[in-house]
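The tour goes stop by stop.

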Amino acid sequence: EGSSIDFDSLEELFKLEDPKTVKQMTQQAKKSTRVHFVDSKRAHMISIQLTGLKLRFADIKKALLELDETVLNVEQLQILVHAVPTDTEKKKLLDYKGDYELLGEVEQYFLEMIPIPRLEQRIKAFIYKAQFESSVRKLVEDTTALSSAATQLQGSENFKNVLYAVLDAGNRLNANSFKGSAMGFKLDTLLTLGDMKARDRKTSLLLFLVQELLKRQKEIKFLNQELGAVAPASKISLEALKSALSD
């Protein structure tokens with residue numbers, strides 16, 4: 001005889017659910033009820049950066065408190081220094097009395113970091129500490145290179161002859177003006193010699209002077225060897241060096 005029970009309805013209503021499906025539904029429910037206090041764009045960027053660190057928040061906190069360079073390197077610290085909660089975000093998080101697990105990822109990270117005193121200043125000091133030895137080493141290398149270049153320039157008779165030739169050429173070309181009896185010139189002038197063209201529009205004043213000097217002073221051709229330290233030194237930024245020394 002036919003059963004009085006609608007088995008199709010029975011199975012539909014009471015069948016066991018797939019554990020994977022249950023887990024997915026639970027995760028989705030949690031995700032949809034997440035509590036956020038951080039601006040969505042800012043939170044998204046910080047979340048990406050934190051994921052890239054591949055460190056537990058507790059481990060990051062411990063490393064910052066202990067200034068542990070074996071856990072956090074300079075690149076990671078430069079990321080963390082931009083992931084510091086604002087005063088407004090701190091207040092909202094400290095006032096939050098709900099479930100910690102419902103907080104967004106960035107909110108959970110911020111809440112973990114809030115107890116660290118002067119967080120941003122601490123991270124910046126950590127970066128300075130981590131970079132100190134390499135920065136000093138770079139400063140020594142740069143100042144040594146500049147000193148070597150200056151010593152070579154001061155001691156090179158060939159370089160002095162080049163300067164005399166530039167001065168003589170300038171005075172001759174400006175003989176009919178007030179510039180024609182100059183006692184010297186700015187070193188920046190040397191950078192313009194290649195741009196000053198003769199009437200043939202091909203020969204530069206630099207090329208002309210080199211050719212003339214080589215005719216009369218054969219040893220001029222060894223100038224590059226005499227001033228070997230100048231080229232590397234020319235690549236050093238004096239402004240960056242001054243800034244580093246002032247720091």
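At which residue does α8 bend, and by about how many degrees? Select F132: α8 bends there by about 50 degrees.

**The whole chain**

Zoom out before going further. This is a predicted model. Its mean pLDDT is 86, and 87% of the residues reach 70 or more. Helix α2, residues 19-32, has the lowest mean at 56, while α4 has the highest at 96.

Now switch to a cartoon. The protein has 13 helices and zero strands. Buried residues account for 24% of its 247 residues. Of the contacts between residues at least 6 apart in sequence, 71% join residues at least 24 apart.

**Along α8**

Select residues 119-155. That is helix α8, with 37 residues. From first C-alpha to last it reaches 52 Å, close to the 54 Å expected at 1.5 Å a residue.

Next, show the side chains of L119, I123, F126, I127, L139, D142 and A149. These residues of α8 are buried. What covers them? The cover includes α4 (57-66), α5 (74-80) and α7 (105-113). It also includes α12 (230-234) and α13 (238-246).

**Aromatic pairs**

How many aromatic pairs does the count come to? The count is four. Select F57 and Y109 to see one of them. Their rings sit edge-to-face, 5.2 Å centre to centre, with 70 degrees between the planes. F57 belongs to helix α4 and Y109 to helix α7, so this pair ties together parts that are 52 residues apart in sequence. Are these two residues buried or exposed? Both F57 and Y109 are buried.

Move to Y128 and F132 for another pair. This one is tilted: 5.9 Å centre to centre, 50 degrees between the planes. Y128 and F132 both lie in helix α8, four residues apart, which is about one turn of the helix. F132 is also where α8 bends. Y128 counts as partly exposed, because its relative accessibility is 46%, between the 20% and 50% limits. F132 is partly exposed too, with a relative accessible area of 42%.

Ring pairs link F57, Y109 and F110 into a cluster.

Select L55. This residue lies in the loop between α3 (40-53) and α4. L55 is partly exposed, at 24% relative accessible area. Which residues does L55 contact, leaving aside its neighbours within four places in sequence? They are I60, V71, L72 and Q76.

Last stop: S204. Find it in the loop between α9 (157-173) and α10 (205-216). Is S204 buried or exposed? S204 is buried: its relative accessible area is 11%, and the cut-off is under 20%.

Now show the backbone nitrogen of L207. A polar atom of the S204 side chain lies 3.1 Å from that nitrogen. Finally, select L193, G194, M196 and K197. S204 is in contact with these four residues, leaving aside its neighbours within four places in sequence.

Definitions and conventions: Residues numbered from 1 in each chain as written. Predicted model: local features only at pLDDT ≥ 70, side-chain atom pairs only at ≥ 80, totals over all residues. Heavy atoms only, no water. Helix = DSSP H or I, 4+ residues; strand = E, 2+ residues; numbered from the N terminus. Buried < 20%, exposed > 50% of the residue type's maximum accessible area, 1.4 Å probe, protein only. Polar contact = N/O pair within 3.5 Å; in protein donor to acceptor, adjacent residues only side chain to side chain. Contact = heavy atoms within 4.5 Å. Expected span 1.5 Å × (residues − 1). Bend = angle between axes of the 7 residues up to and from the residue. pLDDT = per-residue confidence, 0-100. Phe/Tyr/Trp six-rings, centres within 6.5 Å; stacked < 30°, edge-to-face > 60°.
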